[in-house]
Amino acid sequence: MNHPSGLPAATVGVYRLRVAHPTDSAEQLAERLGLTPEEVAEAESELGELGLLRRSPAGGWVAVSPENAAEELLTAAEQDILRRQIAVAATRARLHGLSGHYLEARSMRSAKGDIETVRGVENIRALIDDLGRTCTTTVESMQATGGFTEAAIRAALPLDLDRLASGVSMRMLVQDAVRRHWPSVQYVTKICEAGARVRSVGVLPSKMLIFDGSCALLPLDPVRPEVGAVAVREPAVLGFLRSLFDHIWKQAKDVLTAEEESGPAPTGVEREVLLLIAAGMSNQDIAGQLGMSPRTVNRVVADLMERLGAESRFQAGVKAAQHGWLS
C-alpha cells in the first residue's frame, strides 16, 4: 500500500528511520522494519533520486527535509520552464510582427475586380479557412454531392456551429439525394438546429461558396475539385453567381421537410416506369419494354403524374429530377 505522498509504505518507513537513526546500517534498518537489506537498499536509492537522502562523506546516507529536497529538485525544472516561456513569448512576438504584412497583402489579394486562381488541396483549404474565419455576415454554399463524407462532416461541423454562434447567417443548397444519406441528414439537422437554413433540389450545377457576399469560390474542374479553385471578387461575375444562388434557392425545398411534401420516392415497377418516361418512351413502348399490359402502364403513369403535380410527361420528368427520384 502506498503512502499519501505516493511512495511505498516501506520507502516511507526507511526515510523515517534514517531521520531518527542516521548512523544505523542498512541491516539494522532492515531488522527494525522487518525488511530484507536489499529492500532497504532499493528504498534508499529511490529516496536518493528524490533528494530526500544524500550521501555523506563518511559513507551511508543523510536524511534531508522534504522542503529542502523540493527546493533543490524543482529549481532546475522551474528554470527550464522559465526558459521555455521566454522562448515562446519571443516566438509569438516575432510571428505577431508579421501581422501588418499579412493584412496588407490580404487587402491586395481582396481588391475589387480580382479573380484569383488557387491550386492544390492545401492552398484551397487555407483560403477557405481564412475566408471562413474572417466572414462576419453570411455564408452561402452549393454542395453538388449526394452526401457528405464522415471526414468532411467532422471537419465542417464545429466550424459551422462556431460561425452560427457568432451571428453569421448560413444558407446551404444540397442535392435531394442527401436526404437519403443518414450521416448527412444528421449533420444538416445539427446545423439547422443552430440556425442554418438548408434546402435541396434534384441536381446542382457545381460546388460554390460565397462569403459575406463579396467573395465566391468555384472549382476549376467540377469533376476534380482538388485540382484547384477560383476566388471571384469581380463585382459583375459575383453578382451573377449570387443571382444564380438565389434563383435555385427559391425553387428548392427545405431538406428536413422535403420528403414529407413530395411523398416517398417510387420503387420497383413505379421507378422503372418513371425512368423510362424520363427517357422519352411512350406508354406503349414502356409496356413492351417491361412486359406489362398497356392498361397497367397507363394507370402507373397517371398515378405518378398526379403525385408529381405534373401536366405533361416532360414536366413529370423535370419534377422527378427535382425531387431526386431519378438519382
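**A walk through the predicted chain**

The protein chain has an accessible surface of about 19200 Å², and 56% of that surface belongs to carbon and sulfur atoms; areas come from the Shrake-Rupley method with a 1.4 Å probe. This is a predicted model, in which local features need pLDDT of at least 70 and side-chain atom pairs count only at pLDDT 80 or more, while totals for chains, interfaces and linings use all residues. Residues are numbered from 1 along each chain as its sequence is written, and side-chain values use heavy atoms, with hydrogens and water left out.

The chain has 14 helices and 10 strands, taken as DSSP runs (helices H or I, at least four residues; strands E, at least two) and numbered from the N terminus. Of its 327 residues, 35% are buried, meaning under 20% relative accessible area with a 1.4 Å probe, protein chains only.

The largest nonpolar core has 18 residues. Such a core is a set of buried Ala, Val, Leu, Ile, Met, Phe, Trp, Tyr and Cys residues joined through side-chain atoms within 4.5 Å. Two or more residues each come from α11 (268–278), α12 (283–290), α13 (294–308) and α14 (313–322). Helix α13 gives the largest share, six residues. V273, I286 and L308 have the most contacts inside the core. Beyond its neighbours within four places in sequence, V273 is in contact (heavy atoms within 4.5 Å) with I286, L290, V300, V301 and L304.

Elsewhere, the axes of helix α2 (residues 26–33) and helix α3 (residues 37–49) come within 8 Å and cross at roughly 105°. The two helices are therefore roughly perpendicular to each other, a term for angles of 65 to 115 degrees.

Conventions. Axes fitted to C-alpha atoms, helices over the stretch in contact; angles between N-to-C directions. Parallel < 35°, antiparallel > 145°, perpendicular 65-115°, else oblique. Buried < 20%, exposed > 50% of the residue type's maximum accessible area, 1.4 Å probe, protein only.
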